[in-house]
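Let's take a walk through a protein model together. Have the sequence and the 3D view ready, and follow along one step at a time.

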Amino acid sequence: MRIGILCEGEKTDEPVLRLLLEYVFPAHEFLIRGVSKAVIFDGGDIELARLFEQGAERVLILWDLLPTGYQMAVAAQWNQHPSRREQRHKLLELLCNSEHLPDHLRQEAHFHAHRYGFPPFNAKPVPHPRNGIHHLRLVCVCYTTDGWLLADEGVLTSLANQGGPAPRCSAPHPDECANPVAFLTKYYKQGRHRRLKFYNKADHNIIIAREYLTQDRIKVIRRRSSSFRYLVEAIEGWGQA
């Protein structure tokens, strides 16, 4: 199956997501498009339409809860506190009113809006997805996709030890850390890994992700992060349909 995924970060989240999903689902083909949060909430419908034009049979939008829209001048939310519900509402409103999506996908967006209890975006009845199969999924990561890399302290420690002894990593929970980049920057600065000592997410998240594959620890990310687990289960469901 060919699965299209719209996510944040062309040079950050996209390569990590591709690496993890191709490892977990070798039988599927992934069309992954990393963009800014502004593009997702202002033109996500256009990006989804392009993924379908490229041959995607199912599509999924994956975005980070932080930073919130009002911090980026994006109409994802204007509430002062992070709100997954408000961001999902804004995104579904865009998809339901889109002039770019195929009819069945727009209808499914209406179905999801109804399921989440949002006010109807038009007066038409809400149909069930055709053939009972969902072709669209929305996954909001709390707080950021970078947090997935905090799932296994042993993996992080073993990387820091490459080049000399380093303090053992004591990482926060992957779904509870609002700024995993700050944590990883501070932690790897204490180690002797020649590259990670000067950590930046664009260059080094992929190194950490590869180490999870090398040590066969992707299962730990799935066990500890609810957002990664939901993403994997959504794709598994498509494979069983």
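Predicted model: local features only at pLDDT ≥ 70, side-chain atom pairs only at ≥ 80, totals over all residues.

To find the two domains on your screen, colour residues 2-63 and 65-140 for domain 1, and residues 146-215 for domain 2.

Now look at where the domains meet. Eleven residues of domain 1 are in contact with ten residues of domain 2. The size of an interface is often given as the accessible area lost when the parts come together. Here, domain 1 and domain 2 bury about 910 Å² between them, and 83% of that lies on carbon and sulfur atoms. Three residues, Thr-12, Val-16 and Leu-19, supply 46% of the area that domain 1 buries against domain 2, more than any other three residues.

What about charged or polar pairs across this interface? The rule finds zero salt bridges between domain 1 and domain 2, and zero residue pairs in polar contact, counting pairs with both residues at pLDDT 80 or more. On the domain 1 side, helix α1 (residues 13-24) gives the most, with seven residues. The residues on that side of domain 1 divide into eight nonpolar, one polar and two charged.

Salt bridges do turn up elsewhere, though: the count comes to eight. Arg-18 is partly exposed, at 25% relative accessible area, while Glu-14 is buried, at 14%.

Next, move to Arg-217 and Asp-152, whose side chains form a salt bridge of 2.6 Å, N to O. This pair links distant parts of the chain, 65 residues apart: Arg-217 sits in the loop between α8 (201-214) and α9 (218-224), and Asp-152 in the loop between β4 (136-141) and α6 (153-160). Is Asp-152 buried or exposed? Asp-152 is buried, with a relative accessible area of 8%, whereas Arg-217 counts as partly exposed at 29%.

A further stop is the salt bridge between Arg-222 and Glu-236, at 2.9 Å from N to O. Arg-222 lies in helix α9 and Glu-236 in helix α10 (residues 226-240), 14 residues apart. Arg-222 is partly exposed at 28%, and Glu-236 is partly exposed at 27%.

Finally, look for Arg-33, Glu-47 and Arg-50, which are linked in a network of salt bridges.

Key: Residues numbered from 1 in each chain as written. Heavy atoms only, no water. Domains from an automatic or database assignment. Contact = heavy atoms within 4.5 Å. Buried area = accessible area lost by both parts, 1.4 Å probe. Salt bridge = Lys/Arg side-chain N within 4 Å of Asp/Glu carboxyl O. Polar contact = N/O pair within 3.5 Å; in protein donor to acceptor, adjacent residues only side chain to side chain. Helix = DSSP H or I, 4+ residues; strand = E, 2+ residues; numbered from the N terminus. Nonpolar A, V, L, I, M, F, W, Y, C, P; charged D, E, K, R; others polar. Buried < 20%, exposed > 50% of the residue type's maximum accessible area, 1.4 Å probe, protein only.
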